[in-house]
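Subject: Structure handover

Hello,

Here is the structure for you to look at. My notes follow below.

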Amino acid sequence: MGIKSFMGPRAKTTTKKEYKAPILVTDYMTRNLVTFRPDQCILEVMELFLKHNISGGPVLDDSGFLVGIISEADCMKTISESRYFNQPILDSEVKKFMTKEVETIPHDMSIFDAANVFDAHNRRRLPVMQDGLIIGQISRKDVVIAALKLSGQNW
């Protein structure tokens with residue numbers, strides 16, 4: 001008589017499920033941007049900052065190309081200068097105070113590389129570019145949110 005096994009049927013071996021979490025800038029960036037024009041009044045920009053609860057945004061020319069970025073810090077320069085020269089804020093245009101040399105990142109960059117760019121350049125937001133056009137913007141907060149979503153994953 002042969003030996004009988006009383007262990008019962010063996011459990012099926014399961015393969016480890018591979019989870020591919022989104023880690024690109026395009027997965028976490030803001031697509032619907034509030035944009036500004038170089039000839040726009042700085043007071044109007046400040047009002048839009050408050051209305052949309054933002055602290056800055058890209059400045060685009062009439063053709064839609066990125067020519068700068070305007071932030072609350074740039075508006076502080078306007079306020080300070082208007083007080084110093086005793087002139088109204090209303091006369092100032094965005095092009096006078098915007099940052100003209102803007103660091104940008106490509107759309108296919110990982111959020112980890114974007115974190116390095118934020119660290120190296122000390123910026124709060126970076127325009128995301130594809131084929132020379134702005135397609136979105138990513139902030140430091142977006143990168144932190146992405147890291148929290150990926151915290152349980154191995155990369």
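I start with helix α2, residues 42-52. Helices here are DSSP runs of H or I with at least four residues, strands are runs of E with at least two, and both are numbered from the N terminus. Ile42, Val45, Met46, Leu48 and Phe49 of α2 are buried. Buried means under 20% relative accessible area, exposed means over 50%, and partly exposed lies in between (1.4 Å probe, protein chains only). Viewed down the axis of α2, the buried residues fall within an arc of 160°, so they line one face of the helix. That arc is taken from the directions from the helix axis to the C-beta atoms. Glu47, Leu50 and Lys51 sit on the other side of α2 and are exposed.

A word on the basis. This is a predicted model, with residues numbered from 1 along each chain as its sequence is written; local features need pLDDT of at least 70, side-chain atom pairs count only at pLDDT 80 or more, and totals for chains, interfaces and linings use all residues. Side-chain values use heavy atoms, leaving out hydrogens and water.

Confidence next. pLDDT is the predictor's confidence in each residue, from 0 to 100. The protein chain has a mean pLDDT of 84, and 77% of its residues reach 70 or more. Among its elements, helix α3 (residues 72-85) has the lowest mean, 77. Strand β3 (residues 105-106) has the highest, 96. Where pLDDT is low, the predicted coordinates should not be read in detail.

Now the cores. A nonpolar core is a set of buried Ala, Val, Leu, Ile, Met, Phe, Trp, Tyr and Cys residues joined through side-chain atoms within 4.5 Å. The largest one has 15 residues, of which Val25, Ile105 and Ile138 touch the most other members. The elements giving two or more residues to this core are α1 (25-28), α5 (111-121), β4 (125-130) and α6 (140-149). α5 gives the most, with four residues. Another core lies apart from it, with 12 residues, including Ile42, Val45, Phe49 and Val94.

Ile105 deserves a look. Contact means heavy atoms within 4.5 Å. Not counting residues up to four places away in sequence, Ile105 touches Val25, Ala114, Val117, Leu126, Pro127, Val128, Met129 and Ile138.

How many aromatic pairs does the structure hold? It holds one. Rings of Phe, Tyr and Trp (its six-membered ring) pair if their centres lie within 6.5 Å; planes under 30 degrees apart count as stacked, over 60 as edge-to-face and the rest as tilted. The pair is Phe36 with Phe49, edge-to-face, at 5.6 Å centre to centre and 90° between the planes. Phe36 is in the loop between α1 and α2, while Phe49 is in helix α2, 13 residues apart. Both Phe36 and Phe49 are buried.

Two backbone points. Most residues other than glycine have a negative phi. Asn53 follows α2 and has a positive phi of about 55°. Asn53 lies in the loop between α2 and β1 (56-60) and is exposed, with a relative accessible area of 72%. Asn122 also has a positive phi, of about 50°. Asn122 sits in the loop between α5 and β4 and is exposed at 62%.

Last, the cysteines. The whole structure has zero disulfides (pairs of cysteine sulfur atoms within 2.5 Å). Cys41 is partly exposed, at 21% relative accessibility. Cys75 is buried, at 2%.

Best wishes
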